[in-house]
Amino acid sequence: MLLQPGSFEDETEEQEGYVPLKLLYNHETGKFTAEKLELSKKAKAELHIKDTKPFTLRSVAAKGVSHENSLYIMHSLMPRNEDQPASFQKCPVRVMNFDTGFLHTVDYANDLSAGNKRGEEKEVRDTILPLRYRVNYSIACHKHRCYIYGGLDENNKLVGDMETYELPNYKFAPVKYRGDSTPQARQAHAAVVLNQYQMLIIGGSFGETLIDPTPVPEGELVWSYDIESGHWNKLHPRNLDEAMPESGQNVIPWNLVHHSAFKIDSENIGVIWYDSTGLDKGNLPLEGVISERRTMVSLFNLRNLVWNNL
C-alpha cells in the first residue's frame with residue numbers, strides 16, 4: 001500500500017491528509033498501476049490521519065544495523081524535549097536478539113542523565129539521547145560503533161551533522177568535524193564504513209521533498225570521512241573528465257536516492273538503485289502507468305575513482 005497526499009470526503013467536509021493507494025504489478029507488461037482503495041466511510045475514517053505532515057508519517061521509518069547476533073533498529077530519533085517531564089520515557093532504539101528471538105526496547109529518560117563528563121574545563125552533564133530529530137539519514141556501523149549522518153529535521157530542513165551510537169552502552173554522542181571542507185547537507189543518501197579509518201557517504205538529495213527528491217549532481221556523489229582525524233574529502237569520479245569505453249558500462253548512476261550501498265572489498269563499493277528514466281516526475285497518477293523501473297547495480301572503484309554498471 002502507498003500513501004499519497006489527497007483528501008477524504010465525509011458527510012460534513014473534505015478532510016485533507018493522506019489517502020491510501022493500491023499498487024498493482026502486471027507481470028506480462030512489467031508495469032505498475034495505482035488504484036484508489038474503495039473503502040467504506042467507517043474504514044476511511046479509521047485510515048485517515050488528521051493534521052499530518054510528511055515528516056509525521058515518516059518519523060517512525062526505521063533503519064537498522066546488525067551486531068553480534070542482534071539487530072539494532074533506530075525507530076524514531078528525537079532529542080530531549082524540555083516541554084516534557086524528565087521522567088518521560090523515550091524509545092528511539094529497539095533490539096532484536098536472534099539467539100532468544102525477542103524484540104525489546106531501549107528506554108531513555110527525558111533528561112541529561114549520563115553523569116558528569118570528565119576531561120573538560122568544566123564538568124558538564126553528558127547526554128545519551130540523540131542529537132536531534134532526523135529522518136532519511138544514513139547509518140553505517142563498524143564493530144560496536146554506528147555513524148548516523150545527515151537527513152531532515154522535524155521542519156523538513158536538511159541537516160549535515162553526524163552523531164555516533166555506541167552499541168554496548170546504548171549512548172548517542174555528537175561528532176565534531178575538522179577542516180574547512182565538508183559535504184553539503186543531504187538526505188536520502190547511503191553510507192558505508194570501509195574500515196576503522198574511513199566512511200563513505202554516497203548519493204542523496206539536496207532537496208527537502210520527501211517524495212521523489214532530486215539527486216545530487218554527479219560531482220557530489222561520493223564523500224569520504226576520516227574517522228580518526230574528522231576530516232572530509234570529496235572523491236571526484238574520473239568518468240566526469242575522461243572518455244570511457246562506449247560500452248554502456250562506464251556510466252555514473254544518476255538516481256542515487258533511497259538506494260542501498262554495500263562494501264564489496266577494500267577497493268570497491270556497490271550500490272543498488274532504480275533507473276526510473278521513464279517515471280513521470282509530476283504527481284503520482286491515480287490511473288495508468290506509474291513507472292517502468294529497472295533495478296541497477298553499479299560499482300565504484302576507490303583506487304581508480306571510476307563508476308561501472310553491471
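Which two strands form a hairpin with two residues between them, and which residue in the turn has a positive phi? The hairpin is formed by strand 4 and strand 5, and the turn residue in question is Glu68, with a positive phi of about 50°. The model examined here is predicted, local features being considered at a pLDDT of at least 70 and side-chain atom pairs only at pLDDT 80 or more, whereas totals for chains, interfaces and linings use all residues. Residues are numbered from 1 along each chain as its sequence is written, and side-chain values use heavy atoms, with hydrogens and water left out.

Strands are DSSP runs (E, at least two residues) numbered from the N terminus, and two of them are taken to pair if DSSP finds at least two bridges between them. On this basis, strand 4 (residues 63–67) and strand 5 (residues 70–74) are paired in the antiparallel sense over five bridges. Within this pairing, His67 has Ser70 as its bridge partner in strand 5, and Gly64 has Ile73. On its other pairing, strand 5 is joined by five bridges to strand 6 (residues 89–97), again running antiparallel, and here Leu71 has Met96 in strand 6 as its bridge partner. Strand 5 is mostly covered, four of its five residues being buried, where buried means under 20% relative accessible area, exposed means over 50%, and partly exposed lies in between (1.4 Å probe, protein chains only).

These strands belong to an open sheet of four strands in the order 4-5-6-7, with antiparallel pairing. Strand 4 and strand 7 (102–109) stand at the edges with a single partner strand each, so one side of each is left without a neighbour in the sheet. The twist averages 25° from one strand to the next, with axes taken as lines fitted to C-alpha atoms and angles running from 0 to 180 degrees between N-to-C directions.

A further open sheet consists of four strands in the order 18-19-20-21, and its pairing is antiparallel. Its edge strands are strand 18 and strand 21 (306–309), each of which pairs on one side only. Neighbouring strands of this sheet are turned by 30° against each other on average, direction ignored. Strand 20 (residues 294–301) is joined to strand 21 by four bridges, the two running antiparallel, and Leu299 stands opposite Asn308 in strand 21. Phe262, which is placed in strand 18 (residues 260–265), is partly exposed, with a relative accessible area of 31%. Together with Ile264 and Ile272, Phe262 forms a nonpolar patch on the surface, with about 230 Å² of accessible area in total. Such patches are made of residues with over 30% relative accessible area and no salt bridge, like charges being joined within 9 Å and nonpolar side chains (Val, Leu, Ile, Met, Phe, Trp, Tyr) within 5 Å; accessible areas come from the Shrake-Rupley method with a 1.4 Å probe, and for residues only the protein chains shown count as cover.

A search of the whole structure finds eight salt bridges, a salt bridge being a side-chain nitrogen of Lys or Arg within 4 Å of a carboxyl oxygen of Asp or Glu. One of them is formed by Glu163 and Arg134, whose closest N and O atoms are 3.0 Å apart. This pair links distant parts of the chain, with Glu163 in strand 12 (residues 162–166) and Arg134 in the loop between strand 9 (124–125) and strand 10 (138–142), 29 residues apart. Glu163 counts as buried at 0% relative accessibility, as does Arg134 at 1%.

The side chains of Arg186 and Glu220 also meet in a salt bridge (3.7 Å, N to O). Arg186 lies in the loop between strand 13 (171–174) and strand 14 (190–193) and Glu220 in the loop between strand 15 (198–202) and strand 16 (222–226), so the pair ties together parts that are 34 residues apart in sequence. Arg186 is buried at 0% relative accessibility, and Glu220 is buried at 17%. Glu220 meets Lys234 in a salt bridge as well (3.2 Å, N to O); Lys234 lies in strand 17 (residues 232–235), so this pair ties together parts that are 14 residues apart in sequence. Lys234 is partly exposed, with a relative accessible area of 36%.
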